[in-house]
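Please read the following account alongside the sequence and the coordinates, beginning with the place where the chains meet.

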Amino acid sequence: MDQKVLKRLVESISKSVNSFKKSEIECLIRIFHNLVGRGDVKLANVGLDRNTFRVILHSVFGMTDDVLMNRVFFAFDKDNDNYINVKEWVRGLSVFLRGTFEEKLRFCFEVYYFNGDGYISRERIYDMLKNSLHQQSPGEETDEGITELVDIALKKMDYDNDGKISFADFEKAVKEDRLLLEVFGPCLPEAKSCLDFEALAFQHILTSSF
Amino acid sequence: MSKQEVKFSEQLQKDQPNKAPKEEVAVTHKTSITSRKSAQENRINLGRSQLTKRLEPSLNWRTSVSSKESRNTLRDTQVEKHGGKLEKSRSSLSSGRAQLIRKSVEKIEEIISDSSSESEEDEEQPDHRQEANADLPSEYWQIQKLVKYLKGGNQTATVIALCSMKDFNLAQETCQLAIRDVGGLEVLINLLETDEVKCKIGSLKILKEISHNPQIRRNIVDLGGLPVMVNILDSPHKSLKCLAAETIANVAKFKRARRVVRRHGGITKLVALLDCGKHSAEPAQSSLYETRDVEVARCGALALWSCSKSYANKESIRKAGGIPLLARLLKTSHEDMLIPVVGTLQECASEENYRAAIKAERIIENLVKNLNSENEQLQEHCAMAIYQCAEDEDTRDLVRLHGGLKPLASLLTNTDNKERLAAVTGAVWKCSISKENVTKFREYKAIETLVGLLTDQPEEVLVNVVGALGECCQEHENRIIIRKCGGIQPLVNLLVGINQALLVNVTKAVGACAVEPESMMIIDRLDGVRLLWSLLKNPHPDVKASAAWALCPCIQNAKDAGEMVRSFVGGLELVVNLLKSENKEVLASVCAVITNIAKDQENLAVITDHGVVPLLSKLANTNNDKLRRHLAETISRCCMWGRNRVAFGEHKAVAPLVRYLKSNDTNVHRATAQALYQLSEDADNCITMHENGAVKLLLDMVGSPDEELQEAAAGCISNIRRLALAIEKARYS
């Protein structure tokens with residue numbers, strides 16, 4: 001990879017992403033290129049596609065929920081071109097690894113709402129929760145159970161009583177009880193996987209500083 | 001102190017307008033139950049009338065609740081809900097009373113747990129099951145549904161259910177029992193054993209709230225919840241540690257729970273939480289659930305406070321190095337932190353091992369500093385800690401040196417908060433054992449304040465106030481002050497109480513005052529001597545002994561003492577019969593009284609008729625120096641009537657007396673020599689003494705610096721010698 005190109009890339013990314021040092025951004029870029037598999041093509045047109053990304057989410061960050069992993073991909077992919085380019089990659093990881101409470105709040109909300117209208121609707125919630133009960137009883141009972149669970153969740157989080165959860169609702173609910181941050185399913189990685197990833201990714205920096 | 005606490009709580013319950021008839025307050029477990037029940041009845045009365053006025057759907061099923069604590073929480077929440085609307089003044093009054101009652105009830109529970117009896121466990125109210133009928137409130141069904149999600153859901157569903165469950169009013173017993181009755185406790189505890197941090201946090205938040213209910217606490221322990229929580233203390237997540245510690249603090253409020261915590265190594269882990277100086281390796285990514293180290297230490301202190309009520313735990317805390325850590329935490333200025341830390345120290349300070357460590361760690365300095373805090377609870381606990389520690393002389397000096405006496409004296413004037421007042425008066429009492437402290441208290445006019453507290457105060461305060469006055473009375477100047485501010489009358493009035501700890505202190509104080517002739521006149525006028533005399537009939541030996549000791553200066557300083565003593569019908573016989581007691585302290589004190597009585601010839605004749613000589617002789621075989629001394633003194637007094645000298649010899653009192661000379665105590669020597677001198681006026685006694693080797697022992701004492709001893713020894717020897725010479729003369733003539 002061309003060093004000058006790399007440096008310019010690092011510069012431009014570090015302007016918008018504050019939570020990583022330049023050396024760390026460099027490491028992340030290298031990893032990105034390893035993952036994409038093609039190291040010599042112009043960077044702007046290359047990206048991670050959905051499947052590759054999902055594999056990464058699963059193997060590195062331990063996520064298992066298909067629906068949500070999809071949504072995470074969309075949350076990373078800000079320009080909606082079905083590829084995650086390097087900037088989106090670094091930006092997304094900054095939320096995963098170093099995100100402030102506000103950033104994570106926004107991220108989760110983005111993951112959870114499907115329609116473009118900025119609300120989490122009842123149907124969406126049902127979709128996300130439909131596998132959350134273990135199949136102990138015949139299908140009908142479980143469906144009822146899930147519907148009730150959706151009701152419970154809405155009752156807890158819908159402050160303006162409009163039948164759907166806006167960002168304001170979500171923010172208020174999570175601020176009151178932090179456990180509700182990933183209320184509709186795990187979309188952020190566990191602390192341990194983050195630590196492991198960082199150790200792996202930034203080991204270069206650590207060793208080079210000696 | 002535990003005796004006093006029980007009295008205090010009983011007194012509070014008695015203070016209620018609709019009180020149970022006064023019962024003989026014996027310090028037995030049974031009495032505590034009875035008074036608990038009577039308190040319960042009172043509360044039921046108040047509770048029902050409040051229930052009828054509530055506007056919510058009827059909760060008739062609740063009347064089957066038998067636990068008193070549930071009534072407390074129940075009534076409190078009702079009062080909170082409706083206080084503003086319906087009966088404002090009434091509810092504020094009853095909630096105030098409820099506070100005091102609940103505290104006293106909790107204190108009983110704590111005291112009982114503190115004592116070594118296991119019977120507290122038997123007292124468990126039969127587990128009340130809610131009746132499954134349509135009268136169950138809607139919360140019950142909602143909670144049941146939520147618990148189903150806990151059982152059958154994955155982590156996501158579980159978290160939603162847990163967060164939703166927290167919205168219920170978990171302080172209300174309906175909700176608490178609902179959770180338990182649908183099997184929620186098992187599920188919550190199971191969640192604690194998973195690896196899912198969010199579930200653990202959510203579950204602990206709920207357990208923390210519902211474990212305020214004593215029944216639930218027991219259920220949690222029965223289900224094995226405590227070891228799980230103790231294990232969570234090892235977690236790297238600080239918020240988990242905090243929640244676990246706080247929940248343990250709530251659960252460990254009874255003896256069995258505390259034992260379980262200790263058995264699973266919980267004490268060591270909790271002590272480790274106090275160490276917030278070290279910063280454990282924190283993840284670069286700050287988790288959203290992180291809390292500060294200080295908060296962890298605070299929660300650890302809370303848990304230790306609950307656990308420290310049992311003796312074995314106090315020891316464990318000390319061995320785990322808890323004291324230096326607690327001392328370090330004392331230096332903060334957060335009241336939230338200080339209260340549990342001082343609370344723990346105060347619990348532990350009742351043990352001697354602790355006091356040495358407390359002195360070493362400069363804890364007294366901080367306790368004194370915090371006496372000046374604005375927080376009343378903190379002041380109370382600091383005063384309690386000082387009370388416990390001031391058994392030790394060095395500590396008493398430290399309190400003075402760090403300027404602790406002044407705030408204590410000024411807190412005496414603040415009588416609103418009775419618990420704090422009790423703690424402060426206790427601290428003043430124990431500090432007064434040192435004379436320099438008493439001088440300081442006098443400067444701060446504390447003595448006058450104390451006299452003012454002799455009326456209209458609950459018994460626990462009185463015990464300490466009188467104790468303090470008793471210590472002050474050891475000095476002449478203070479006795480005068482007490483007399484001048486009219487302290488004698490209220491003291492004498494207290495002689496008619498039932499509280500044994502109080503009586504012991506009152507008799508001591510009255511006795512100390514009686515040394516002043518002017519005070520003695522007042523005591524006599526108020527019939528104080530008769531009251532003291534009747535206390536000789538009190539069942540408790542400590543009271544008997546203390547009353548007897550007090551009677552000595554009374555008789556010494558009263559005008560017409562002999563006449564006065566004779567005027568008590570059956571009084572002399574009573575005193576003589578006390579010589580049959582088995583308690584050494586009682587015996588010593590009664591001997592001292594008899595010594596004083598016997599100064600009057602007529603009375604001496606009367607007690608001789610009552611058989612004092614054989615009774616005294618029977619006591620002669622003792623190794624107790626205190627008893628020996630007073631016994632010898634009284635024997636020498638009693639010799640001065642009729643043929644008592646001879647009678648003592650006939651009852652074989654002489655030989656044991658000679659053995660007293662081998663003791664190490666000079667007081668015993670003096671008294672014995674005097675007794676032997678008196679007895680040696682009789683020839684047979686001389687022979688006995690000679691046979692028992694008295695002469696050699698007495699010869700050693702002739703050279704003693706103590707003049708009275710010298711004289712008596714010499715006199716005795718000369719009598720023996722004279723007899724020997726007379727026998728020789730008779731032989732040769």
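What area is buried between chain A and chain B, and what part of it do carbon and sulfur atoms give? The area buried between chain A and chain B is about 2,500 Å², with carbon and sulfur atoms giving 62% of it, where buried area is the accessible area (1.4 Å probe) that two parts lose on being put together, summed over both. On the side of chain A, Ile152(A), Lys156(A) and Leu179(A) lose the most area to chain B, together 25% of what that side buries. This is a predicted model, in which local features need pLDDT of at least 70 and side-chain atom pairs count only at pLDDT 80 or more, whereas totals for chains, interfaces and linings use all residues. Residues are numbered from 1 along each chain as its sequence is written, chains are lettered from A and ligands numbered from 1 in the order in which they are written, and side-chain values use heavy atoms, with hydrogens and water left out.

The contact (heavy atoms within 4.5 Å) takes 30 residues from chain A and 23 residues from chain B. Between the two chains the count is 4 salt bridges, each a side-chain nitrogen of Lys or Arg within 4 Å of a carboxyl oxygen of Asp or Glu; Lys145(B) forms a salt bridge with Glu148(A), their closest N and O atoms being 4.0 Å apart.

Asn370(B) counts as buried because its relative accessibility is 7%, buried meaning under 20% relative accessible area, exposed over 50% and partly exposed in between (1.4 Å probe, protein chains only). Leaving aside residues up to four places away in sequence, Asn370(B) touches Leu330(B), Leu338(B), Leu378(B), Gln379(B) and Cys382(B).
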